[in-house]
Amino acid sequence: MSDAQKYEPLVVNIAAWVERAKSDPEAYLERQATEVFLAALAMTKPWCHQVFLKGGILMGVVYGSPRQTGDIDFTTIADPQPGIAEELAAALDANFLRAAAELGYPDLLCRAQSFKYFPKGEEFPKNDGPAIKMGIGYALRGSPQERHLEAGRAPKKLSIDISFKEPVGAIQVIRDSTSQEVFQAYSLNDLMAEKIRALLQQEKRNRYRRQDIYDLDMLLAQFPFDSAEKAQLLAVLRDKCEARGIEPAQGSLAKPEIIERAKADWHTLEVEIGEVPDFDECFERVNAFYVSLPW
């Protein structure tokens, strides 16, 4: 994983992504806290070189997705050692004030509030897919919530999910046009491959992944793939599936149980995006692309 290809920096305007939520004070403050978190991570060594953004926040910040998501998902190439969550939390805490000040949010306070290991105890480093979940509290200086933040019980928190032992094909370097800080994220191929794998392992993990069909359809509308790019994507997908004990085949995505789970909560996207596109049309486009990969 440490040998993953790195693409040249892509400049994005995270402040513009924050401003798109200005009509909703709760979402607006949450996005400001997310911006501070990403800037603090970019300042935090060696983590800034080992932790890669993926998921819904990457979709929103880089690819313009309107979906609202409270989780910030990452993959890391760091070894899953005991105490790693505490170490990362302390390193981030040391940079939150600086990050907030540089972004123009001197009164936005952020602090690590909690962390959990999955699985717990000695099984964490041994597991095939270990993860940590961190809660990053945030509050405005002088607000009633500040006292709760200081006590480690902030009512408003970002949920940070970090997965380990995940194959990574390529990394996209991201530069924030406001702070000029640089952080690293999944490449387009890695982002799409992981979303496809998440759909394929719905039954195995007892999950319902309606957002991945939406996201994949949105990405395919923006980025045409030639034959070489499809071959690269398939190679990344196979690596990611192998790491989780899955054997993808050309017809895997169209299995009834996969479709049923992806469609089950499709209507709930309305809360995030407003008008919801037709599931069957979105799935047909995604599956047609999946089938067209060079199996």
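Modeller: Here it is, and please keep in mind that this is a predicted model. One term is needed at the outset: a residue is called buried when its relative accessible area is under 20%.

Biologist: How many residues of helix 8 are buried, and why is helix 8 described as largely enclosed?

Modeller: Helix 8 covers residues 188-200 and reaches 18 Å from its first C-alpha to its last, close to the 18 Å expected at 1.5 Å a residue. Helix 8 is largely enclosed by the rest of the structure because the buried residues in it number 13 of the 13.

Biologist: Which element gives the most to the lining of the largest pocket?

Modeller: The largest pocket has a volume of about 1,000 Å³, and of the 35 residues that line it, the closest to its centre are K54, D73, R205, R207 and R209. By class, this lining has 10 nonpolar, 9 polar and 16 charged residues. Among the elements that give two or more residues to the lining are strand 3 (71-76) and helix 10 (210-222), while the element that gives the most, with 5 residues, is helix 8.

Biologist: Which residues have the most contacts inside the largest nonpolar core?

Modeller: In soluble globular proteins, nonpolar side chains tend to be buried together. Here the largest nonpolar core has 92 residues, and its largest share, 11 residues, comes from helix 2 (residues 25-43). Not counting residues up to four places away in sequence, F74 touches residues that include F37, L38, L41 and K54. The residues with the most contacts inside the core are F37 and F74.

Note on methods: Residues are numbered from 1 along each chain as its sequence is written. This is a predicted model: local features need pLDDT of at least 70, side-chain atom pairs count only at pLDDT 80 or more; totals for chains, interfaces and linings use all residues. Side-chain values use heavy atoms; hydrogens and water are left out. Helices (H or I, at least four residues) and strands (E, at least two) are DSSP runs, numbered from the N terminus. The expected span of a helix is 1.5 Å times one less than its number of residues. Buried means under 20% relative accessible area, exposed over 50%, partly exposed in between (1.4 Å probe, protein chains only). A nonpolar core is a set of buried Ala, Val, Leu, Ile, Met, Phe, Trp, Tyr and Cys residues joined through side-chain atoms within 4.5 Å. Contact means heavy atoms within 4.5 Å. On a 1 Å grid over the protein atoms alone, a cavity is a set of points where a 1.4 Å probe fits but cannot get out, and a pocket is an open set with protein on both sides within 12 Å along at least five of seven lines; lining residues have an atom within 4 Å of a point. Grid points are joined across faces, edges and corners, and a volume is the space filled by probe spheres set on the points. Ala, Val, Leu, Ile, Met, Phe, Trp, Tyr, Cys and Pro count as nonpolar, Asp, Glu, Lys and Arg as charged, and the others, Gly among them, as polar.
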